[in-house]
Amino acid sequence: MHSNTATVETDVVRLVDYAATPYRIESVRLDFQLSEEVATVVAETALAPRDGTPAGAPLVLDGDELVFVEARLDGVVLPPSAYEVTPDRFVLKTPPAEGFVLAITTRQRPAENRKLMGLYRSSGNWCTQCEAEGFRRITYFYDRPDVLAVYTTRIEAPKALARSLLSNGNPIEAGEIAGTDRHYAIWRDPFPKPSYLFAMVAGTFDVVEDRFVTMSGREVALRIFVEAGRGEKAGYAMDALKRSMRWDEEAFGREYDLDVFMIVAVGDFNMGAMENKGLNVFNDKYVLASQKTATDADYAHVEGVIAHEYFHNWTGNRITCRDWFQLCLKEGLTVFRDQEFSADQRSRAVKRIADVRLLKSHQFPEDAGPLAHPVRPDVYKEINNFYTATVYEKGAEVVRMLKTLLGEAGFRAGMDLYFARHDGEAATIEQFLACFAEASGRDLSGFMRWYTQAGTPEVIAQIAWDAAQGRLTIVFDQTTPATPGQPMKQPVPIPIRFGLVGPNGSDMHASRITGASVTGDVLLLEDARHEVVFEGLAARPTPSLLRGFSAPVRLSTSLDAADQAFLAAADADPFNRWQAIQGLATRGLIEATTAIRRGETPVFDRRIVEAIVTTAADETLDPDFRALAVGLPTEADVAREIAVDVDPDAILAARERLRGTLATAGRAVFADLRERFAPQGPFSPDAASAGRRALRNAALELLARAGDAALVGEAYAQADNMTDRLQALTIAVAGDLPDAEELLADFHDRFADDPLVIDKWLMVQATAPIARALDRVRTLTLHSSFSITNPNRVRALITTFASGNQTQFNRADGAGFAFVADKVLELDRINPQVAARLLSTFRSWRSLEPRRRAYAEAELKRVAAAAGLSRDVADIAERSLG
């Protein structure tokens, strides 16, 4: 049973049916009695009827696979006649007319909980995961985000099994149980919170400790708990935490509010991390990092995820969401905040490129396929399936547009008002936008369509130059394609940041601009068509549109390859300079793919290679930006642009041919980069050092493609850090080089005892675009290093194969689809959340050429028809076929 927001037809939950609960919860006292096999939980809840609730209206609480023991009302054991109970529901038939205390005892076996929701054990330690609806697997409750209460938690366990007993809030008491081998701890969280933010952890850990002094002078104890022997790998996470806390004070004026902030890293976790108030629980891959075991990307992810979960303290915890339809209110907003933090810590331009690449690779296909949904959905069957790129990444882009429209000061004023007005509440998107409208005096009613309409808007810009009049005219047309349940779309307000790049490479300025609202360098397109005229120009400019990717749209212009090449060399906006290079290369790859499918030999425009090689050699640019410029569009990028009748084999062949052309033409430049950016001094994970490694490794990949394969083995042997070692291994395996098997064996032997590094070993093999990749992946599912019950292992091997190996997942014989469908069905009996996310890798199946499309559809139908499907998987299968 879903939370009581609404349940209408076949468990469909609709936003329009939202209603508050008949009873409010004022406080919760939890008592956990933990032993090796069994956990007993007593939940004592103080309730009272809301105004308007009829006297004696039944109290209906959510459960999920619970074992009921007893219920007490105001301390008296209830007879069975007073309630109805099943594993999934508890009904108190006739509650008292005034406030009352209901105590329910449940019993469970955490070690057998392979769904990893509710209370479970990881490496012998107890932990909880309650978002979105996991608290109902601990006790019967109003398990929904708009029910806020103050929690007090008592935990009792054997000292030998759990030295640390942790929960939300501040510690208020601890001690030993006389005459036993057990001890206890009591925690109280003074801030009302919903049940999804509850957390309890009990176990034996290494603890890394530090302190932070807030802007008001309060001292906060910081503790990171990791599995025994891994404490030395938590130092970077602690540093990132302290930087996050200071940044939130400086950027948003948000100060931490408890006496202690804790992070616990566990090896079995369905998601990346969880922002439980004061006690964040993390997948250990986003906490543990060292020179020998973590890549530069890992360090960046640790920094970003630590920040994201900490920032939730205000955007998610102090102000939460009224219902799960408002999920983007906490997630999209907090993603925006963590993106801004990382941009300030590293290169803003490179971070922006990375964020947009993620958006385009994950969210754009979602918007274009059967799983499309608005940033704020209005209906769902399984809320776990809406923790998506649309809610997170597109949700962040919507917040970014709000800042672009209102400016720095206007955005900060709106955020300040939001924090002041809604602190301690469960809010909605309407309330969020109302704060910005009030603070800025702007009408934002049209902006709401970004939250309610699915699909990626498409903007076409037709550009005309009138030399005699010194006038540039751009006609903008916007449309949004139909998506499931939304055949007709309205225009959305689109901020287009722009520049007019003159013949000398400097930006020009028009004396007058008409046809759209203009604020500084931002055009606002509010209607389906705008004819924007720039007057008073002395020479023909080349428009640089959508600078910084100022809106999450698909932009196509009438600029030709020569214009793109010019922007690739001269645009002052780093994002658009990179985009121009990508645009040139994508155009060439699409043409080459078409030629290969016709049986012709493709020929590439020389300007593609010239733009890339020139940028790689440009000493005025940061190395990390140059490394990104060297990277060609991925196979998935090209497939997304082709959109229909996609042949992954032809795309791979085209991309390999362009890589070969680039490698040969730029060989001298890449050899020079490889030499000049050789390591100097001790290793550092800072952004500048990471950028130098990125450029040097990009050069290595192209040199190997040009025939210098021996360099790869040398690079692997000489590597003193995981970034360099893993890149060499990846080049060898993806290129099927002669020493690939030897390097794979050596890598496994070096790191066999480190599961997170073995995940990298699995990923390298899963993504290799070679014919035997599927057979290798099948074999690896039987390897001792792989476990179908561990989400990290599944994601590293099977999900990575399905999402990151375009040719082998989308094999022409359908074998890749069949393998993944088999694993979805196997996983669904173990962990439905992980199974559903794996099935969503079929999201772009309709874009494939007919033969592959038929195989994919058959496998989706096979999954949909399977007996005993979880709600998670059934929902994804149904929507994928819809």
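The lining of the second largest cavity comprises four nonpolar, three polar and two charged residues. In this classification Ala, Val, Leu, Ile, Met, Phe, Trp, Tyr, Cys and Pro are nonpolar, Asp, Glu, Lys and Arg are charged, and the others, Gly among them, are polar. Among the residues that line this second largest cavity are Lys-394, Arg-449, Trp-450 and Gln-453, and its volume is about 40 Å³. A cavity here is a set of points, on a 1 Å grid over the protein atoms alone, where a 1.4 Å probe fits but cannot get out; lining residues have an atom within 4 Å of a point. Grid points are joined across faces, edges and corners, and a volume is the space filled by probe spheres set on the points.

A word on the source: this is a predicted model, in which local features need pLDDT of at least 70 and side-chain atom pairs count only at pLDDT 80 or more, while totals for chains, interfaces and linings use all residues. Residues are numbered from 1 along each chain as its sequence is written, and side-chain values use heavy atoms, with hydrogens and water left out.

How many cavities of 30 Å³ or more are there? The count is two. The largest cavity holds about 60 Å³ of space, and its lining divides into nine nonpolar residues, one polar and no charged. Strands β3 (39-49) and β9 (100-108) each supply at least two residues of that lining, and β3 gives the most, with three. Strands (E, at least two residues) and helices (H or I, at least four) are DSSP runs, numbered from the N terminus. The lining of the largest cavity also includes Tyr-140, Phe-141 and Tyr-142.

Let us turn to Lys-277, in the loop between β20 (273-274) and β21 (279-283). Is Lys-277 buried or exposed? Lys-277 counts as buried because its relative accessibility is 3%; buried means under 20% relative accessible area, exposed over 50%, and partly exposed in between, with a 1.4 Å probe and protein chains only. Leaving aside residues up to four places away in sequence, Lys-277 touches several residues, including Asp-189, Asp-257 and Arg-318. Contact means heavy atoms within 4.5 Å.

Next, a pair of helices. The axes of α4 (residues 348-368) and α11 (residues 623-630) come within 10 Å and cross at roughly 30°. Axes are lines fitted to C-alpha atoms, for helices over the stretch in contact, and angles run from 0 to 180 degrees between N-to-C directions. Val-350, Ile-353 and Arg-357 of α4 meet Asp-624, Phe-625 and Leu-628 of α11. This contact has four nonpolar, no polar and two charged residues.

Finally, the charged pairs. Across the whole structure, 85 salt bridges are found, each a side-chain nitrogen of Lys or Arg within 4 Å of a carboxyl oxygen of Asp or Glu. Arg-223 and Glu-209 form one at 3.3 Å, N to O. Arg-223 lies in β18 (residues 219-226) and Glu-209 in β17 (residues 206-213), so the pair ties together parts that are 14 residues apart in sequence. Arg-223 is partly exposed at 25% relative accessibility, whereas Glu-209 is exposed at 56%.

Glu-857 and Lys-861 are also bridged, with their closest N and O atoms 3.5 Å apart. Both lie in helix α25 (residues 850-865), four residues apart, about one turn of the helix. Elsewhere, salt bridges that share partners join Glu-340, Asp-344, Arg-348, Arg-400, Lys-403 and Glu-408 into one network.

Definitions and conventions:
On a 1 Å grid over the protein atoms alone, a cavity is a set of points where a 1.4 Å probe fits but cannot get out, and a pocket is an open set with protein on both sides within 12 Å along at least five of seven lines; lining residues have an atom within 4 Å of a point.
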